[in-house]
Amino acid sequence: MKLVFLGTASCYPTAHRAVSCTALKFEDGLVWLFDCGEGSQIQVQKSSIRPSRISKIFITHLHGDHLFGLSGLICTLGNQVMDRKDFILEIFGPKGLRRYVREVLCLSRSPLPFPFRVHELIPMDDQLPRNWASWGVNQEATGPPHPQELSGRDIQAENGIWNLLEDDQVTVQAGRVKHRVPTFGFVITECTKPGKLNVDKLKEMGLKPGPICATIKKGETVTLPSGQVIRPSDVIGPPILGRKISILGDTYNSDQMLDLVRNSDVLVHEATLEDAMKEKAIENGHSTPGMAADYALRAEVRKLVLYHFSQRYKSEPSEEEKLQQEAGDTDPKKIEDDGTDDGTEEDKNVSYVSILLAEASAALECSDCLVTIAEDLMELDVPRIRL
């Protein structure tokens, strides 16, 4: 299992960063996407991901930098899965997403060779901003569905948790985070697997692969004809813990899903602006590295990954770029993408993402939590933990 960061910028894409899109790639090659900002299908083509393996898409909220690439990607998938008769694309997101997908695909008369479903998470009242009703937008998916659209679920919260998926391999749950519109974080929890059967030890006991070994593997104690009792703990190794990954949407406060996130192997958390701009970050519904690190500490996660950076923060220059700067060929303070994440132009001097990493690292200095900065197309392995 690995995370592939397809887009790590906030608000709008730049020449160096795409907007929010994170992929979770499973060992069997299946891929789930979390958010799908403008240009996500281009980022997929640049990555190690096979578009035809994308089977589920989760949208944290309906802001354009997390959503505007969805319809294009859906149509692109149509050219990738034409021969897969059993393929159904599952899409999860806040109420209003079903109407958005339906209207865009229908108005553009986009044919699809596969069916799809849009499952909507119904927000709780405390997720709606005070001016929510003033826009007068109808969130209901009215009118005829797309020809390939199947009925999706309307998912209500149960004790503050939206239960999206559950099978014998993995569960997916969502919780609410505070932003300017109804926004969710997603928690993917892999099921714990039993330990491996010690075949060599069984051979020493005179047992060959067969029904008795299968019974032991199921966790049952067996008694051999000789009277010898074999307990599962005697011949089965320790269980392999399932991995837990939390991917949060834009947020200035995620305390309402703290317990759901707790003990994650990886927490993907936004850090739009540096700590010195905390007041501005909160005003716009965002977090700083210090806020993300504090949350990671309280949630007792093993690794924190920062993403969703304002355009004022550039990636660290390459060695070639450093040499050019030293030779005076480039201006390290010049910003190609005028403006910040909220559209203002009050600061033309660019900083590097290293300041965000340094601030989070300082906040986590006395802890066991590791922190890293996400870059576009970066891949992060999530290893299993053995007891």
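This note comments on the predicted model of one protein chain.

1. Residues are numbered from 1 along each chain as its sequence is written. In this predicted model, local features need pLDDT of at least 70, side-chain atom pairs count only at pLDDT 80 or more, totals for chains, interfaces and linings use all residues, and side-chain values use heavy atoms, without hydrogens and water.

2. The protein chain has a mean pLDDT (the predictor's confidence in each residue, from 0 to 100) of 89, and 91% of its residues reach 70 or more. Residues 333-347 stay under 50, and the model gives them 38 contacts (heavy atoms within 4.5 Å) beyond four places in sequence. Where pLDDT is low, the predicted coordinates should not be read in detail.

3. An automatic or database assignment divides the chain into domain 1 (2-128 + 144-192 + 241-313 + 352-381) and domain 2 (199-234). Their C-alpha centres lie 45 Å apart.

4. The whole structure holds 0 disulfides (pairs of cysteine sulfur atoms within 2.5 Å), according to the search. For Cys-369, the closest cysteine sulfur is that of Cys-366, at 13 Å, which is too far for a bond. Cys-369 is buried (under 20% relative accessible area; exposed is over 50%, partly exposed in between; 1.4 Å probe, protein chains only), with a value of 8%. Cys-191, at 24%, is partly exposed.

5. Just after helix 9, Glu-300 has a positive phi of about 55 degrees.

Conventions:
Helix = DSSP H or I, 4+ residues; strand = E, 2+ residues; numbered from the N terminus.
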